[in-house]
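The following paragraphs lead the reader through a structure. Please look first at the sequence and the model shown here.

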Amino acid sequence: MMEHDIVIIGGGPAGLAAAVAARKAGIQDILILERDSCLGGILNQCIHNGFGLHTFKEELTGPEYAARYIAMAEEEKIPYRLNTMVIDISKEKEVTFINREEGLSTVKAKAVILAMGCRERPRGALNIPGYRPAGIYSAGTAQRLMNIEGYSVGKEVVILGSGDIGLIMARRMTLEGAKVKVVAELMPYSGGLKRNIVQCLDDYGIPLKLSHTVVDIQGKERVTGITLAEVGPDRKPIPGTEEHYDCDTLLLSVGLIPENELSRGIGVTMSPVTSGPEVNDCLETSQEGIFACGNVLHVHDLVDYVSEEATLAGRNAAAYVQAMEKSSEEESGEESGEKAGKKAGHQVPLKAENGVRYTVPQTLDIVNMQDSVTVRFRVADVYKDRYITVSYDGNTVLRRKKKVLAPGEMEQIVLKKESFSDYPELKNIVIRTEVE
């Protein structure tokens, strides 16, 4: 069986950033496994700009951003296998994969980094009545068909869902000569970034209908039209509010789901809110030596944050491997209740309350943590003039005013190690929103 220090599953922005960080942290033996025919992940089809403002301090397209990280990985001579599908990971960190050249193979890793990204929620999850005609696409599929394959997917378009991909495709379809008639959103707020609403809808005069959904699809061979209806607070259509739109294409941008079949197979503890693994401040899952980063952990709004998070995962996976190697060298044969190379810590759970949906990480080791840890989270609704507060065992230690909070925009706060010095017996950290 082949052996590697770190095996990274996924060669998109998260996997590449993690690999480069692990190499720079001193780990030579790294392998990236990627199921696509090239590195770069979803960025290869995201030909619009807006990437890299945080990471590279300039505006790049998706392929340009990916190319920077691919160049870094190749400069570091990090090996990778393309067209390779990982089908299983064991608790012993044995990774089973399949490809044409090697068939079915297994590689043993000292640490594994999960960076598989996310997938789109399909039509089947929406329970929309009607036939199953041609012309219904997820927004990402339409994006790939247009930007990679060079096809036009339709001329008269309705988009259901105002996630970032749906908003960007509204602009893309318009630039390609199609008529985007409306973007409908089930929720009373958009799921996308404010800048995308402005640049992709407002600038092109495309209407956004909040609290609306598709209740019927017409057409047998090809979509000929759809019916929209307004929904009430219970998200159910209100009779009498139906509107018909003639169209030949329906794009679905109804949410992204972290790609976590492999994670569940290992027995990793999953968050019911993010649908990704629960992690500590090292981005280590409940299975020791298995780390997670990027959209497989929680769906991000900016790829710059994916790269930042993955860099941290790469460094921590490297530190884990180095600690393992050091402990095996120093092992004297005496039994110890504690794993060598790992100091006793003090794990404290992070709780999300009162409008904060979740936090990543979910636990924090206030003894062994870095000097500071970035905690990312999303809110449950659109809030105006609220405070984000952090409390340690009921004592407020941080309070920050925000003019607007929206579910489509990821928020973050930084917790410093020194702030815990007065709380040696800390039991929980609570992050919440508060009014005046």
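In helix α1, the residues L16, A17 and V20 meet A66, Y69, I70, M72 and A73 of helix α2, where contact means heavy atoms within 4.5 Å. By class, this contact of α1 with α2 has eight nonpolar residues, no polar ones and no charged ones; Ala, Val, Leu, Ile, Met, Phe, Trp, Tyr, Cys and Pro count as nonpolar, Asp, Glu, Lys and Arg as charged, and the others, Gly among them, as polar. Helix α1 covers residues 13-24 and helix α2 residues 62-75, and their axes come within 9 Å and cross at roughly 35°. Such axes are lines fitted to C-alpha atoms, for helices over the stretch in contact, with angles running from 0 to 180 degrees between N-to-C directions. The crossing of α1 past α2 is left-handed, that is, the near helix is turned anticlockwise from the far one by less than a right angle. Helices (H or I, at least four residues) and strands (E, at least two) are DSSP runs, numbered from the N terminus.

The model is predicted: local features need pLDDT of at least 70 and side-chain atom pairs count only at pLDDT 80 or more, while totals for chains, interfaces and linings use all residues. Residues are numbered from 1 along each chain as its sequence is written, and side-chain values use heavy atoms, with hydrogens and water left out.

In soluble globular proteins, nonpolar side chains tend to be buried together. Here the largest nonpolar core has 62 residues, and I6, I8, I9, V95 and L114 have the most contacts inside it. A nonpolar core is a set of buried Ala, Val, Leu, Ile, Met, Phe, Trp, Tyr and Cys residues joined through side-chain atoms within 4.5 Å. Helix α7 (residues 303-330) gives the most to this core, with eight residues. A second, separate core of 22 residues includes L364, V373, Y392 and L426.The structure holds zero disulfides, a disulfide being a pair of cysteine sulfur atoms within 2.5 Å. For C118, the nearest cysteine sulfur is that of C46, 10 Å away, and C118 is partly exposed, with a relative accessible area of 23%. For C200, the nearest cysteine sulfur is also that of C46, 12 Å away, and C200 is buried, with a relative accessible area of 0%. Buried means under 20% relative accessible area, exposed over 50%, and partly exposed in between (1.4 Å probe, protein chains only).
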